[in-house]
Amino acid sequence: ILTEESYKARLVNIIIKDIKMRVPVIKMTGFLLEDDKTLARRIGAKDYEEIVYSQDSCTNESVDRLSMFQYMIGNTDWYINTKHNTDVFQYKSDGSLIPVPFDFDFAGVINTYYAVPSKEIPIVNVKDRYFKGSCREFESYNPTIETFNDKKNAIYSLYNSFDLLPKSVIKKSLRYYSKFYKIINNPEQVDESFYSACNPSYPKLKARK
């Protein structure tokens, strides 16, 4: 919904049968994930196999979108510079780098029983949000926030139209996202979450006024 610079995924019902009938049929739900070479070819890029010294080596737009998405779903289990749960691709046209995330089982919106935040992150529960984006100048995140606001209805519709999710899970997930949307549409919370929190010396919104 947010970008084509992401892995395509397809939900599948899996049936495993032993052709010699030695074990019972196994049924499960899973997903097929686009491989990195197919994604790279689709967007006109290639795998970037060199060291990424900083997430700011990637384009601002792609880093800000990824960071905001991870903040929305409550996931802190990622790093661009170490490529932890993140692949980095290089566009053939101009050499620019973009990060593409994967593996979201530690996200607060999913809240798996085994998920715990890293000790390097100042939160105690994965449902608590913590922004890991880059330090930006005031209002720099406005275009990214606008994108997420524009896509809100599509995101909510995706959940509401997904019959395989229990209604209780849909309701809980959208309630979690509603808190995100309250934050990004409140100037003081935007200031606290994305600017002041990143740079403690940055003047508060009220002080700038």
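Student: Which residues of H4 are buried?

Tutor: Some ground rules come along with that one. This is a predicted model, where local features need pLDDT of at least 70, side-chain atom pairs count only at pLDDT 80 or more, and totals for chains, interfaces and linings use all residues. Residues are numbered from 1 along each chain as its sequence is written, and side-chain values use heavy atoms, with hydrogens and water left out. Helices (H or I, at least four residues) and strands (E, at least two) are DSSP runs, numbered from the N terminus. Buried means under 20% relative accessible area, exposed over 50%, and partly exposed in between (1.4 Å probe, protein chains only). Here, the buried residues of H4 are Ile155, Tyr156 and Tyr159.

Student: Where do the buried residues fall, seen down the axis of H4?

Tutor: For this we use an arc, that of the directions from the helix axis to the C-beta atoms. The buried residues of H4 fall within an arc of 95°, so they line one face of the helix.

Student: What do the buried residues of H4 pack against?

Tutor: Contact means heavy atoms within 4.5 Å. By that test, the partners are H2 and H5.

Student: Which residues touch the most other members of the largest nonpolar core?

Tutor: A nonpolar core is a set of buried Ala, Val, Leu, Ile, Met, Phe, Trp, Tyr and Cys residues joined through side-chain atoms within 4.5 Å. The largest one has 25 residues, and Met68, Phe148, Tyr177, Phe180, Ile184 and Phe194 touch the most other members. Two or more residues come from each of helix H2 (60-73), helix H3 (142-150), helix H4 (152-160), helix H5 (167-184) and helix H6 (187-196). H5 gives the most, with eight residues. For a closer look, take Phe148: beyond its neighbours within four places in sequence, its contacts include Met68, Phe180 and Ile184.

Student: Is threonine 86 buried or exposed?

Tutor: Threonine 86, found in strand E4 (residues 86-91), counts as buried because its relative accessibility is 0%. Leaving aside neighbours within four places in sequence, threonine 86 is in contact with several residues, among them Leu66, Trp78 and Phe102. Leucine 66 is 20 residues away in sequence and 9.7 Å away in space, C-alpha to C-alpha.

Student: How many helices and strands are there in the protein chain?

Tutor: The count is seven helices and five strands, in the sequence pattern β-β-α-β-α-β-β-α-α-α-α-α. Of the 209 residues in the protein chain, 39% are buried.
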